[in-house]
Amino acid sequence: MKNLNIILFFLGFTFFSTLKGQESDPFIWLEEVSSKKSMDWVQSQNDITFSELKKQPYYNEIYNKTLKIYNTSYKEKLRTPYFQNDYFYDFHKDEKSIRGIWRRAPKSEFGKEEKDIQWEILLDFDKLSKKDGKKWVYKGATGLYPNYERFLVYMSNGGSDATVIKEFDTTTKSFIKNGFNFPESKGSVGWINKNEVYVSRSFGEGTLTDSGYPRQVKHLKRGQSLNDAKLIHEVPKKYMSCSIWKNLKEKNSYTYVKEQISFYESKKYMLQEDNTLKEINIPLNASFWVKNGLAIITLKNDWNINNKTYTQGSLVSTSIEDLISGNFELQVIFEPIERESFAGFQSTKSKFILSTLNNVTSKSYLCEFKKGKWVKKVLNLPKSGIIYVTVPDDKKDDFYFYYTGFLQNYTLFKSNVNTLKIEKIKARKNHFNTKDMVVEQHEAVSKDGTKIPYFLVRNKNTPFDGSTPTLLYAYGGFQVSKKPTYNETTGIAWLEKGGAFVLANIRGGGEFGPAWHQAGLKEKRQNVYDDFHSVAEDLISKKITSPQHLGIRGGSNGGLLMGVAFTQRPDLYNAVVCQVPLLDMKRYNKLLAGASWMGEYGNPDIVEEWNYIKKYSPYQNVQPNVNYPSILFTTSTKDDRVHPGHARKMMAKMQSMGYDNIYYYENIEGGHGGSSTNEQIATQNALIYSFLHSKLK
């Protein structure tokens with residue numbers, strides 16, 4: 001009855017809006033994020049969803065098991081070995097510390113068991129939230145090199161991207177009275193020295209771009225107001241952002257300014273002593289950073305310079321001084337080959353470690369710059385999984401790496417670039433039974449003939465009769481690579497209960513370098529969706545599953561993928577989890593950070609570009625009287641990156657069309673991640689997997 005009343009309300013609202021000649025979108029009022037009308041609607045939808053899904057047989061089990069793991073994970077936590085002076089830092093949550101504690105311990109205790117570490121609590125976010133009357137979420141801290149006695153602490157009210165930044169003294173364990181204190185804004189602050197910082201923030205009306213990011217960078221001295229800070233540079237409002245940084249660890253510590261023109265194009269400058277900017281001569285879509293005096297450059301396209309072509313996806317270098325002068329010769333560190341792409345580059349005191357993805361698993365190389373040339377050899381590290389390399393101190397030759405896979409929880413190892421002896425530091429235990437599970441890599445063939453790899457995780461006794469509940473996940477955008485990593489929630493809530501899990505490495509991602517991403521940009525976007533459909537079809541043709549038992553899940557850009565999947569091919573899927581999604585692609589560039597993504601999707605205000613966007617935009621393509629799969633939309637009121645209006649309006653529109661097999665959950669806090677506390681994470685996962693079990697069994 002409650003669903004029926006909501007449907008009748010929206011049918012009436014649509015009718016009267018048309019009569020009055022109002023906005024053609026009758027649900028645009030749901031873009032008013034915190035209005036009473038919107039929030040009343042949100043609460044009514046949440047109530048319906050909880051009343052239905054909490055009744056499912058697995059809800060309490062999934063909630064209790066996952067919450068216990070989240071609350072006790074600190075006991076086996078693998079901390080990142082970033083040593084700042086004599087300490088390593090940690091952020092900790094459990095059943096008592098809901099919002100978390102920022103703490104540190106002497107670096108000599110790194111790797112010890114939790115119970116043996118002598119922690120020093122710096123900041124208790126539960127106490128701070130109670131004191132300030134806000135739901136503070138810790139977003140990181142930047143220490144002042146080399147002593148790290150002062151930190152700039154980033155805090156978000158409810159988990160949004162916009163943060164408050166306050167100066168903290170680790171000797172007194174308190175915020176500094178009259179210290180650096182920046183009101184809520186997107187952007188960052190970087191140390192110059194103890195009494196000066198570079199600021200990239202909102203400075204008042206007109207100082208943010210159309211994307212909601214800072215368009216000005218300033219030099220602020222202690223005691224000055226933001227209005228009195230010295231303006232260094234400003235970009236047009238149509239640009240994405242402006243930023244500034246200085247690497248104090250480098251011997252010649254230059255200051256750099258970046259004009260982010262669009263998501264993939266930027267001009268880079270060096271700030272000179274007379275406060276003018278000197279442009280750095282690299283392609284607009286190339287990235288660079290500086291290590292040990294070398295400028296390391298990644299190429300998104302071929303670069304023709306000095307009568308030579310450096311190929312797309314390559315990693316090249318030159319000295320930073322030569323790069324700034326404009327008179328430089330490039331040295332090749334890495335050139336991609338088929339199915340192998342650049343993934344990371346770390347420096348120790350004497351050598352470098354290059355990480356690549358080779359057919360979506362990790363491969364590592366030891367690199368050395370000798371006599372003006374790069375020499376590299378393959379490192380003998382664990383195979384058939386994913387490795388994340390980290391160097392805690394680039395003044396030493398030690399390095400650490402994490403190893404993980406679908407069936408292997410994270411393990412931390414230590415090594416040295418000179419001895420290459422590997423020492424196991426600590427391993428997290430597996431939280432689900434992997435004994436009878438196998439991982440396979442398959443390929444589907446997309447509409448244009450491109451081979452699309454995907455991973456299948458299943459029980460070795462899975463029957464190939466189309467009966468297995470299967471969850472297909474993908475992202476497909478922004479050159480983000482989706483890798484085979486361990487997820488205890490998927491294991492406990494899905495794999496242990498007989499389900500199969502599939503990770504699809506579709507175009508738009510970065511698994512095979514820039515070309516793989518660019519094959520899904522703008523007018524080529526349909527390739528991404530065809531790839532996803534092809535994986536679903538391959539799973540069905542192999543009789544791993546069938547449309548009745550196939551569910552799909554994705555978030556953010558992956559949420560857009562979900563919307564396109566069920567509107568284009570409703571015949572393939574029976575359940576859809578659509579999280580923090582973009583869905584209204586006609587208005588996405590007018591909502592929050594949406595304008596910054598036009599380099600990915602195109603500009604819907606340009607007729608020629610809207611002509612290809614409108615062919616897949618889910619909000620414009622959803623139709624009445626179609627046998628759509630059941631859908632669960634999730635979002636967050638505090639998401640200031642992807643507007644919650646996308647999910648809200650899609651839910652309302654489908655209800656107005658008479659669909660009643662759809663659910664909606666909006667967490668009031670949580671930001672783009674959807675959740676701020678362990679309890680919220682457990683709640684969302686319990687809802688998602690209860691929904692999937694109810695539809696796919």
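Strands are DSSP runs of E with at least two residues, numbered from the N terminus. By that count N416 is found in strand 30, residues 408-416. The model is predicted.

**Helix 14 with helix 3**
- Helix 3 spans residues 59-72 and helix 14 spans residues 678-696.
- Their axes come within 8 Å and cross at roughly 145°.
- The crossing of these two helices is right-handed.
- Helix 3 contributes Y59, I62, Y63, T66, L67, Y70 and N71 to the contact.
- On the helix 14 side, the residues are N678, E679, I681, A682, T683, N685, A686, L687, Y689, S690 and H693.
- By class, the contact of helix 3 with helix 14 has 10 nonpolar, seven polar and one charged residues.

**Helix 14 with helix 2**
- Helix 2 covers residues 36-53.
- The axes of helix 2 and helix 14 come within 10 Å and cross at roughly 60°.
- This crossing is left-handed.
- T49, F50 and L53 of helix 2 meet T683, L687, S690 and F691 of helix 14.
- The contact of helix 2 with helix 14 has four nonpolar, three polar and no charged residues.

- N416 counts as buried because its relative accessibility is 16%, and the cut-off for buried is under 20%.
- Its side chain makes a polar contact with the side chain of D398, at 2.9 Å.
- Not counting residues up to four places away in sequence, N416 touches D397, D398, F399 and K421.

**A536 in helix 8**
- A536 is found in helix 8, which runs over residues 526-541.
- A536 is buried, at 0% relative accessibility.
- Leaving aside neighbours within four places in sequence, A536 is in contact with L472, L550, L572 and Y573.
- The C-alpha atoms of A536 and V502 are separated by 9.5 Å, and the two residues are 34 apart along the chain.

- S546 sits in the loop between helix 8 and strand 36 (550-555).
- S546 is buried, with a relative accessible area of 17%.
- A polar atom of the S546 side chain lies 2.8 Å from the backbone oxygen of G466.
- S546 touches G466 and I540, with residues up to four places away in sequence not counted.

**Cysteines**
- A disulfide is a covalent bond between the sulfur atoms of two cysteines.
- A search of the whole structure finds zero disulfides.
- C242 is buried, with a relative accessible area of 1%.
- C578 is also buried, at 0% relative accessibility.

**Backbone features in loops**
- A cis peptide bond joins Y145 and P146, with omega about 10°.
- P146 lies in the loop between strand 5 (136-143) and strand 6 (150-157).
- S384 is not a glycine, but its phi is positive, near 65°.
- The loop that holds S384 lies between strand 27 (373-378) and strand 28 (386-390).
- S384 is exposed, with a relative accessible area of 67%.
- K522 is not a glycine either, and has a positive phi of about 50°.
- K522 is in the loop between helix 7 (514-518) and helix 8.
- K522 is partly exposed, with a relative accessible area of 28%.

Methods: Residues numbered from 1 in each chain as written. Predicted model: local features only at pLDDT ≥ 70, side-chain atom pairs only at ≥ 80, totals over all residues. Heavy atoms only, no water. Helix = DSSP H or I, 4+ residues; strand = E, 2+ residues; numbered from the N terminus. Buried < 20%, exposed > 50% of the residue type's maximum accessible area, 1.4 Å probe, protein only. Polar contact = N/O pair within 3.5 Å; in protein donor to acceptor, adjacent residues only side chain to side chain. Contact = heavy atoms within 4.5 Å. Axes fitted to C-alpha atoms, helices over the stretch in contact; angles between N-to-C directions. Left-handed = near helix turned anticlockwise from the far one by under 90°. Nonpolar A, V, L, I, M, F, W, Y, C, P; charged D, E, K, R; others polar. Disulfide = S-S within 2.5 Å.
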